[in-house]
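Me: Could you walk me through this model by question and answer? I would like to begin with the terms and then go to the residues.

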Amino acid sequence: MVVHRLLMLGLVAALLLAACGGGGGTTAGGESFSFDVGGDVTAKLAAPDFTANYSKDDSAAPVIVHQLWFGGDGAKAISILFYGEEPPAAGTFTLTSDFSTEPGTVSLLFVDNSDGVKSFIPGSGTVTLTQVGERYSGSVDAALTGGPVGSQSQNVTVKGTFTDIQ
């Protein structure tokens with residue numbers, strides 16, 4: 001189980017870092033977000049210095065993931081992952097700590113590449129999501145564990161809000 005978790009974490013961290021380098025989307029008219037990361041790593045990810053987007057990835061079917069992504073400086077990113085065929089609906093979701101990809105599960109990943117690759121997954125927390133049409137708003141309150149690849153020795157918190165992400 002630990003090996004599977006570390007392999008999945010490494011894979012997702014690599015995908016997030018690739019997204020960071022690519023810009024990840026734009027934050028336009030009415031879209032806003034602000035996340036504070038505290039603990040063993042500290043950061044603030046907020047518009048307009050960072051960008052946000054929503055995407056659906058079915059390239060690894062049968063695993064389908066809907067992602068709200070926040071990043072853009074090439075070093076830090078937060079990704080909220082909703083697994084399943086259907087787009088996420090409004091509600092409050094308990095974050096999955098075992099990094100399950102089963103439909104209906106929700107996870108969150110924070111990656112910091114500013115001083116070597118560090119990735120963090122939930123130990124506990126929630127995501128509250130509202131939806132208006134194709135725009136997502138909500139909040140995050142999570143405690144995550146992780147660190148350099150292969151390590152689970154550091155702890156961070158992620159708290160923040162996002163509005164009208166498309």
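Reply: Happy to! A polar contact is a pair of N or O atoms within 3.5 Å; within protein, one must be able to donate a hydrogen and the other to accept it, and residues adjacent in sequence count only if both atoms are side-chain atoms. This is a predicted model, where local features need pLDDT of at least 70, side-chain atom pairs count only at pLDDT 80 or more, and totals for chains, interfaces and linings use all residues. Residues are numbered from 1 along each chain as its sequence is written, and side-chain values use heavy atoms, with hydrogens and water left out.

Me: Which side chain does Asp 36 join in a polar contact?
Reply: Asp 36 is found in strand S1, residues 32-39; strands (E, at least two residues) and helices (H or I, at least four) are DSSP runs, numbered from the N terminus. A salt bridge is a side-chain nitrogen of Lys or Arg within 4 Å of a carboxyl oxygen of Asp or Glu, and Asp 36 meets its partner in one, at 3.1 Å from N to O. The polar contact, also 3.1 Å, joins Asp 36 to the side chain of Lys 44.

Me: Is Asp 36 buried, partly exposed or exposed?
Reply: Buried means under 20% relative accessible area, exposed over 50%, and partly exposed in between (1.4 Å probe, protein chains only). Asp 36 has a relative accessible area of 41%, so the residue is partly exposed.

Me: Which residues does Asp 36 contact, leaving aside neighbours within four places in sequence?
Reply: Contact means heavy atoms within 4.5 Å. For a sense of the setting, Asp 36 and Thr 161 are 125 residues apart in sequence and 9.5 Å apart in space, C-alpha to C-alpha. The contacts of Asp 36 are Ala 43, Lys 44, Thr 157, Val 158 and Lys 159.

Me: How many salt bridges are there in the whole structure?
Reply: One of them pairs Lys 56 with Glu 85, the closest N and O atoms being 3.3 Å apart. That pair links distant parts of the chain, with Lys 56 in strand S3 (residues 51-60) and Glu 85 in the loop between S5 and S6, 29 residues apart. A search of the whole structure finds four.

Me: How far apart in sequence are the parts tied together by Glu 31 and Arg 135?
Reply: The two form a salt bridge, with their closest N and O atoms 3.2 Å apart. Glu 31 counts as buried at 11% relative accessibility, whereas Arg 135 counts as partly exposed at 29%. Glu 31 lies in the loop between helix H1 (2-21) and S1, and Arg 135 in strand S9, so the pair ties together parts that are 104 residues apart.

Me: Which residues touch the most other members of the largest nonpolar core?
Reply: A nonpolar core is a set of buried Ala, Val, Leu, Ile, Met, Phe, Trp, Tyr and Cys residues joined through side-chain atoms within 4.5 Å. The largest holds 29 residues, and those touching the most other members are Phe 70, Ile 80, Phe 110 and Phe 162.

Me: Are the rings of Phe 70 and Phe 162 stacked, tilted or edge-to-face?
Reply: Rings of Phe, Tyr and Trp (its six-membered ring) pair if their centres lie within 6.5 Å; planes under 30 degrees apart count as stacked, over 60 as edge-to-face and the rest as tilted. Phe 70 is buried at a relative accessible area of 0%, and Phe 162 is buried at 1%. Their ring centres are 5.5 Å apart and their planes at 50°, so the pair is tilted.

Me: What is the bridge partner of Ala 52 in S4?
Reply: Two strands pair if DSSP finds at least two bridges between them. Eight bridges join S3 to S4, which run antiparallel, and a hairpin joins S3 to S4 through two residues. In S4, the partner of Ala 52 is Phe 70.

Me: Is Thr 96 buried or exposed?
Reply: Thr 96 lies in the loop between strand S6 (91-94) and strand S7 (106-112). Not counting residues up to four places away in sequence, Thr 96 touches Thr 105, Val 106, Ser 107 and Pro 122. With a relative accessible area of 13%, Thr 96 is buried.
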